[in-house]
Amino acid sequence: MGHLLIDSPLLLLFIVSAIGFIVGRIQIGNTSLGVSAVLFVGLLFGSINSEYHVPDIIFQLGIVFFVYTIGLKSGPIFFDSISKKGWEEIFFIFTMLAISAIFTIIIHFIAGFDTATTVGIYTGSSTNTTALAGVIDMINLKYNGDSTSIKQLVVGYTFSYPMGVIGVMFALKLMERIYKIDYRQEEMSLKKKFPIDETLTSKAIRITNPEVDGMQIREIIKKYQWNIIFGRVDSQKHGTSLNNWDIALHLDDNVIVVGTEEELFQVQQVLGEEALNSLLYDRKEYDIVRIFVSNVDVMGKPLSSLNLNHKFNAVITRIRRGDVEMLATPDTILEPGDRIRFVASRKDIAGIQALFGDSYYANSTINLFSFGVGIALGLILGMIPFTLPGDVTFKLGFAGGPLIVGLVLGALRRTGPILWVLPYGSNVTLNQLGLTLLLAVIGISSGNTLLQSLQDGQWVKIFMAGSVLSILTTMVSVWIGYSLLKIPFSLLLGYQSNQPAILDFSNQLSQNRMPLIGYTFMFPISLILKIVFAQLIYVFLNA
């Protein structure tokens, strides 16, 4: 069997990937290793036989797929967050990562680690595989592929990784107790600023409030600032029709309203009472349909630009993107794979399906032209040398170049006829494939060095250093954010959630969506900065 795996690297690659997938699904308490288990299985195989090897091109392909798809997915959120939140919280994230880098350098000199092991501890304690891959890429480009350094780098990553998860959880729970956080009170104070609860539902309401009698829907929305969608209106005078901004509501009219449960409760308090003869189940004139967005001509465009009200007797109420459901607003930009929910006249349904495509097959395909051009641009950017003060030169490489290009193209969504973004399902698949490939290659190539570290006891020292770095960095960062900058604690949970298991733990602590909001804002910024910091630490300590 050993000779077979030596002679067939692809067989070795997929055996490691398959076993890693199974191991990653094993639950330990409330957490699991997930895809990261592929790395540990690869290390096991690599330690069994030092002749096991997978070509470097597999690693390069994996990292490019992984970071480019992250960029495409995170681009809109990244630039939108910068424009809306300003630079204060971005500065906090930068400070948080800078503190971690400074602590890493201090630990390096105190513990006497070699440069590669220290940088491995930094990437492992922050559970950032992309930063690890970025440093490996830099070593290959700038330091002639020093195999010893790469192996030591992976060893540092491997033994510090566990406390990059457990240590952060411990520190967050400790700080929660120190500050005596009341999540419910914090949630109530943040509801107006953040969409904490976006579980959408619908309700039929009968108008009984004389104060809104005769008011147009646009006037009502403007007055009460509700984040809702009006659907059908059943008027005593004009029968059933679909919402438009000019419709005036009158006493005893019935309306369908879509929004969160809390928002709909407030709407009912103002408008009247829940309708007994509910429109929710009335399909005589209008039907409710769900349609996939697969027509490239409408992708990357805001709903307002489609002029649906002039073409069809229909209203879009909700859009489902991946696992997230959102209200349809005029500013919502359609992406491939979106599933839109309509209330429409039966005669218009076929025309609406033709406009949006409604093809599951089309949503499963990839535009190889835009995908190839985007990655090519990223690879070219990664080859360009950048010079920092002190005559330090570095390249973004396979990790940084495609990531930055992906962020920009993801935010643009389309350029003329070229659609840059991928269907949601395709993006997830390529992302997971890329991560699996690079983790398997890194693990297999570094397994022998891991075994040596276990034998000489070096792993204990690395584990302790990773523990100190994770816990200390988290506590100091939370103190700065909560005590000095007055950032809500539940939002800080998301900023510290550099790994899905930590995010899940944070969600359980807060019992609201604030950690997810913080994570969504933090992730692309943190990802880029960690790639840069890891390489700068390596260059600085190697000078």
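**Exercise 1.** How many cavities of 30 Å³ or more does the count come to?

*Solution.* The model is predicted, so-called local features need pLDDT of at least 70, side-chain atom pairs count only at pLDDT 80 or more, and totals for chains, interfaces and linings use all residues. Residues are numbered from 1 along each chain as its sequence is written, and side-chain values use heavy atoms, with hydrogens and water left out.

Step 1: on a 1 Å grid over the protein atoms alone, a cavity is a set of points where a 1.4 Å probe fits but cannot get out. Points are joined across faces, edges and corners, and a volume is the space filled by probe spheres set on them.

Step 2: the count is 1 cavity of 30 Å³ or more. The largest cavity has a volume of about 170 Å³.

**Exercise 2.** Describe the lining of the largest cavity.

*Solution.* Step 1: lining residues have an atom within 4 Å of a point. There are 18, and closest to the centre are Ser100, Ser126, Thr473, Gln496 and Asn498.

Step 1: assign elements, taking helices (H or I, at least four residues) and strands (E, at least two) as DSSP runs numbered from the N terminus. At least two lining residues come from each of α5 (88-111), α6 (115-125), α17 (458-484), α18 (489-496) and α20 (514-542). The most come from α17, with 5 residues.

Step 2: sort by class, with Ala, Val, Leu, Ile, Met, Phe, Trp, Tyr, Cys and Pro as nonpolar, Asp, Glu, Lys and Arg as charged, and the others, Gly among them, as polar. The lining has 7 nonpolar, 10 polar and 1 charged residues.

**Exercise 3.** Where in the protein chain is confidence lowest, and where highest?

*Solution.* Step 1: pLDDT is the predictor's confidence in each residue, from 0 to 100. The chain mean is 81, and 90% of residues reach 70 or more.

Step 1: confidence is lowest in strand β11 (residues 392-395), at a mean of 62, and highest in helix α14 (residues 368-383), at 92. Where pLDDT is low, predicted coordinates should not be read in detail.

Technical notes. 1 Å grid on protein atoms, 1.4 Å probe; cavity = no way out; pocket = protein on both sides within 12 Å on 5 of 7 lines; lining within 4 Å.
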